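Open the model in a viewer and keep the selection panel at hand. The stops below go from one selection to the next.

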Amino acid sequence: WDRNFWGERRMVSASDGTIGGVAQTVPVETVKKHAECCLCFEPLAQDRVATLKNAQGRTCGHFLHFRCATRLHETKRCPICSCRFMSIAPFPDLSDPHAWFAAVDADNNGYLGRNEVVAALKATCANIDVVDFENSIQKLWSKWDVDGDGKITKDEIFREPDGLLAYARENLRAKASQSPRLSNLDAFFTHFDEDGSGTLDKGEVYRALVKTFDLGRDVTMARTMAETLSAVWSVFDADNNGTISKAEFSAPDGLGQTLMANLGHYNRISKPEPTVPQAEVIASTTRCRSGDLEAVVITATPALPPHWEERRTPDNQIYYANHVTRTTTWERPTV
C-alpha cells in the first residue's frame with residue numbers, strides 16, 4: 001500500500017460530519033499509536049470495526065468503528081485522509097481467519113506486508129498492548145518473514161502455537177492503565193501531550209476532553225464539547241499560535257481549571273441535584289439535558305465585577321470572560 005492509500009497527515013481537519021458537523025482536528029499519529037477510532041477515541045478492538053470502500057475496493061487503509069462510520073453518510077469522506085468513499089463495510093474479526101486475511105489482502109496475492117498486518121491486528125485484536133505490539137513486530141518481523149521479502153502468509157499469522165498472532169496474545173498483553181486525574185494539572189497535561197511538544201493543539205485537547213468526560217458514545221455531548229472548545233479556544237490561546245502551553249493550561253482560570261469546572265458541570269448533568277426550594281429562586285432557570293436525564297440549574301444574577309462579561313457557548317451554556325486577564329471560567333465571578 002502506498003502513501004496515497006494510507007493518506008497520512010499529522011493533523012487534519014475533520015469537519016465532514018464527524019461530530020455533528022463541528023469543525024475539529026484529528027491527532028492522526030496519536031490515534032494510530034493507540035489504535036483508536038478517530039471519531040470516538042475508544043480502542044478500535046473494543047467494538048465492531050469498519051472500513052470505507054469505493055467501486056475498486058478499500059478507499060484507504062484506515063479503520064474506524066462501524067457505529068461511528070455511519071455518522072459519515074452525508075459527506076462520505078474519511079475523517080483522517082478525506083478520501084471519498086461509497087460504502088461502509090464491516091471488517092471481519094479474528095474468529096474467521098480466512099475472511100480476516102482476505103479483507104486485509106487488498107491485492108489478493110496471498111501475502112501481507114508488515115504495515116498491513118500491524119494496522120489490521122492493532123484494530124481487531126483485543127487485549128494486546130498495541131504500542132508494545134508495534135514496537136516488537138518491527139524488531140521481530142524476520143521471525144515470521146523468513147525469506148526477508150517483507151511479507152508473510154496467512155499460516156504464518158494464525159499458526160498455533162508459534163504464529164504471529166499467538167506470539168502477540170501471549171507476550172504483549174494489555175496493561176491496566178488510567179489517565180491522570182484532571183486535578184493534577186501537570187500530570188494531565190503531560191499525559192495528553194502525546195508528541196512531547198510541550199504544547200497541546202486543538203486536536204489533542206479535544207481527544208483529552210472526549211476521553212476525560214467519557215463522551216465517545218454520546219454524540220450530542222461530544223458535539224457540545226466541540227462547540228464549546230471552538231468558542232473559547234482563542235481566549236485560552238493567549239498568544240494566538242494555535243496551541244496551549246503548559247503555562248496557559250495551568251494558569252488560574254486557564255484551560256485546566258475550566259476543564260475541572262466542566263467536569264463538575266457534566267457530573268451534575270448526569271446526577272441532577274435535588275430541586276432547589278422555591279424561596280431560593282432569584283432570577284433564571286437553565287435546563288441541561290443528556291439522554292433521558294435532565295438537570296435544572298437555578299442561578300441568581302448579581303452584578304459582575306469590573307472587566308467581566310457573560311457569554312454563551314453555541315449550545316447556550318453560560319461562561320464568563322475577563323477582558324483584562326483574557327481568562328474564562330464556568331463559575332460566575334463575584335465582587
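This is a predicted model. Begin with the largest nonpolar core, which has 77 residues. Select Trp100, Phe133, Ile157, Leu164 and Phe249 to see the residues with the most contacts inside this core. Next, colour helix α11, residues 219-236: the largest share of the core, 8 residues, comes from this helix.

Leaving aside residues up to four places away in sequence, Ile157 touches Trp100, Phe101, Leu112, Val117, Ile152, Gly163, Leu164, Leu165 and Ala166.

For context, zoom out to the whole chain. The secondary structure comes to 13 helices and 15 strands. Of the 335 residues in the chain, 43% are buried. Among contacts between residues at least 6 apart in sequence, 53% join residues at least 24 apart.

Now select helix α10, residues 202-212. How many of the 11 residues of this helix are buried? The count is 8, so α10 is largely enclosed by the rest of the structure. The buried residues are Gly203, Glu204, Val205, Tyr206, Arg207, Ala208, Leu209 and Val210; Glu204 and Arg207 are on that list along with Val205 and Leu209.

Look at both ends of the helix. At the start of α10, a side-chain oxygen of Asp201 lies within 3.2 Å of the backbone nitrogen of Gly203. Just after α10, Asp214 has a positive phi of about 55 degrees.

The axes of α10 and α11 come within 10 Å and cross at roughly 140 degrees. Angles over 145 degrees would count as roughly antiparallel; α10 and α11 are therefore oblique to each other. Their crossing is right-handed. On the α10 side, the contact is made by Lys202, Val205, Tyr206 and Leu209. On the α11 side, Ala222, Met225, Ala226, Leu229, Ser230 and Trp233 take part.

The last stop is Glu42, in the loop between α2 (28-33) and β3 (49-54). Is Glu42 buried or exposed? Its relative accessible area is 15%, so Glu42 is buried, the cut-off being under 20%. Show the side chain of Arg67 as well: a polar contact of 2.8 Å joins it to the side chain of Glu42. Beyond residues up to four places away in sequence, Glu42 touches Ala35, Glu36, Cys37, His65, Arg67, Asp214, Gly216 and Arg217. Asp214, among these neighbours of Glu42, is the residue with the positive phi just after α10.

How values were computed:
Residues are numbered from 1 along each chain as its sequence is written. This is a predicted model: local features need pLDDT of at least 70, side-chain atom pairs count only at pLDDT 80 or more; totals for chains, interfaces and linings use all residues. Side-chain values use heavy atoms; hydrogens and water are left out. Buried means under 20% relative accessible area, exposed over 50%, partly exposed in between (1.4 Å probe, protein chains only). Helices (H or I, at least four residues) and strands (E, at least two) are DSSP runs, numbered from the N terminus. A polar contact is a pair of N or O atoms within 3.5 Å; within protein, one must be able to donate a hydrogen and the other to accept it, and residues adjacent in sequence count only if both atoms are side-chain atoms. A nonpolar core is a set of buried Ala, Val, Leu, Ile, Met, Phe, Trp, Tyr and Cys residues joined through side-chain atoms within 4.5 Å. Contact means heavy atoms within 4.5 Å. Axes are lines fitted to C-alpha atoms, for helices over the stretch in contact, and angles run from 0 to 180 degrees between N-to-C directions. Angles under 35 degrees count as roughly parallel, over 145 as roughly antiparallel, 65 to 115 as roughly perpendicular and the rest as oblique. A crossing is left-handed if the near helix is turned anticlockwise from the far one by less than a right angle, and right-handed if clockwise.
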